[in-house]
Amino acid sequence: MDNRRLLYSISISLVILVLFQVIASYVLPPPKKAPPHPATQTAQTQPVSGQPAPGVPAPSAVPPAAAPGGVAAKIPAGPRLAISTPLLRGSMSLVGARLDDLVLTRYHQTVKKTSPLVQLLSQAGTAKSYYVQFGWDAAPSSSLKVPGPDTVWTSSGGDLSPAHPVTLSWNNGAGVTFELKLAVDRQYLFTVQQRVINHGAAAVEVYPWSRIRRDFLPEEPGSFTLHKGPIGVFHGTLHEMGYEGVKSGGKHPAAGDAPGTAYQTTNLGGWAGITGKYWLTALIPSQGREVIGAYRYLADPGQPEHGGYQVDYMTAKPVDAAPGATASTTTHVFAGAKVLSILSHYETQYRIPLFERAIDFGWFFFLTKPIFIALDYLAGVFGNMGVAIIVFTIGLKLVLFPLVRTSYRSMARMRAITPKVQALRERYKDDQMQQQKEIMALYKAEGVNPAAGCLPMLPQIPIFFSLYKVIFISIGMRHAPFVLWIHDLSAEDPTNIFNLFGLLPFHPSALSPFLHLGILPIIMGITMWGQQRLNPPPPDPTQAKMMQFMPVIFTFMLGRFAAGLVLYYCVNNTLTILQQWTIMRGTNAAPRAAANLNAKG
């Protein structure tokens, strides 16, 4: 069997795989993921025994009445608690104790510094209702009055800031006071202590709970490339479930689960929340306490196709407060940008398992994370993420040079004997067996291994995919300018050849996503064509024609990619051309020198 045919088949298959991934990520809607059925889940993610006793309600499984369209009913206006930190600004509603107004002070919605700040959490009842809430459920047999969604809390006074914690309190009128002691650090972490102070004559039992509720879908739902939706760590394992999976699973909850429950398990500590490309809202219970975590879809009773998505925790066992005693639980809330250094700091400080994995490093996380760290470091050194990509690419080419040198030398030898191979194919075109025999004899006589030119390149494929992943998910790439017309390395090249780079007043990409071709992708296509010209052509004419179209295909394909990734390919292709030309020149110089000496002799 001709090894070259096999290797070209592998290469073409990889191209088709990449094309499929691009089309799925940028053109087609994401697939609907079915949640794992309890009977087929692994031991680490299967809901375990230890659920609450029969009759114990799920943690606020039923939200305030929903309005048409899945938006929660308007919450009564009331007093608010202002929040101010170096990285966060907003407020908390004292009606229902909802953390429902939070903006990120270092991030704008667009590249313009005058654009609005990124709104992470929004008030219930609005078009983009997204909030965190805390509360208690009474034991099934108890008549204890607990705070509800319309409860108006009393603040201890002042704004919530890193230097000024605030306590919210409410008395049920029967000798029991409920308190929320709130604190926030200088980054993105809130600490909430839920306290029950019993001044009555009888002991009380309550189930403290906390939840994150989102009543809308993000503009860009999850894809093959990136997870968006509920995420958490249960039993030491990362457990992700897309919005569609939660919705379909919530319509068919497992036996014994509350309505709308797509996934539920009992766990010691861990964490769970709702993630996007760059932002995360997560609940982090005390790591030594047994809690019940769940993902839910809470449908509008009148319109089941509309509703909200919820991630919640509740203590697996009731918290007891004897007469004259106080019982408390503590939960941390992360609400902010997924900055690796910040997540790592919290993971270490509070021993939060796999908290860094809130960043979607993908399957090759053992490669993706070091690349992520390297680019972030270089951006800090050079002050520009584009320069960091260039320097990283140069360093990567130097590290891989010994590997690719073998490949280039083999390709140079293959290119030198291509005329002899073509002559043998022509001579034995009617006898395929003899043709293969003669070609293999030629390879042996010339000391050429046809597989040596491609096999050393295979280990580089995971590196390239990991780099693609990093550029796609890195918050350091978001709104990062480079030079001239590139104002955002995380977005596509804004120029377009089909409207003469802005001279014509229309946007061709509105007609088709493939009618977008900027300057940077065109440069990338030229460098890919130049690199291809240095490689020996495939012996099969059909394969040769297909390979000739590869630069054109990739040019259009990368026209919709992030400019940072296209920049990497431009630099990588240019360096590859220089390396390949230098190695091939050195490889061809020796035979020419020997021929000159023989001629003189």
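Contact here means heavy atoms within 4.5 Å. The model is predicted: local features need pLDDT of at least 70, side-chain atom pairs count only at pLDDT 80 or more, and totals for chains, interfaces and linings use all residues. Residues are numbered from 1 along each chain as its sequence is written, and side-chain values use heavy atoms, with hydrogens and water left out.

**Stop 1: Leu88.** Select Leu88, which lies in strand β2 (residues 88-93). Strands (E, at least two residues) and helices (H or I, at least four) are DSSP runs, numbered from the N terminus. Leu88 has 0% relative accessibility and therefore counts as buried; buried means under 20% relative accessible area, exposed over 50%, partly exposed in between (1.4 Å probe, protein chains only). Now show its contacts: leaving out residues up to four places away in sequence, Leu88 touches Ile83, Leu102, Val103, Leu104, Thr105, Gln187, Tyr188, Phe190 and Ala335.

**Stop 2: the nine-strand sheet.** Select the strands in the order β6-β7-β8-β9-β19-β15-β14-β11-β12; they form an open sheet with antiparallel pairing. Its edge strands, β6 (154-155) and β12 (237-240), each pair on one side only. Two strands pair if DSSP finds at least two bridges between them. Zoom in on β11 (residues 229-234) and β14 (residues 271-275), antiparallel strands joined by five bridges. Here Val233 stands opposite Trp271 in β14.

**Stop 3: helix α10.** Colour the buried residues of α10: Leu520, Pro521, Met524, Gly525, Thr527, Met528 and Gly530.
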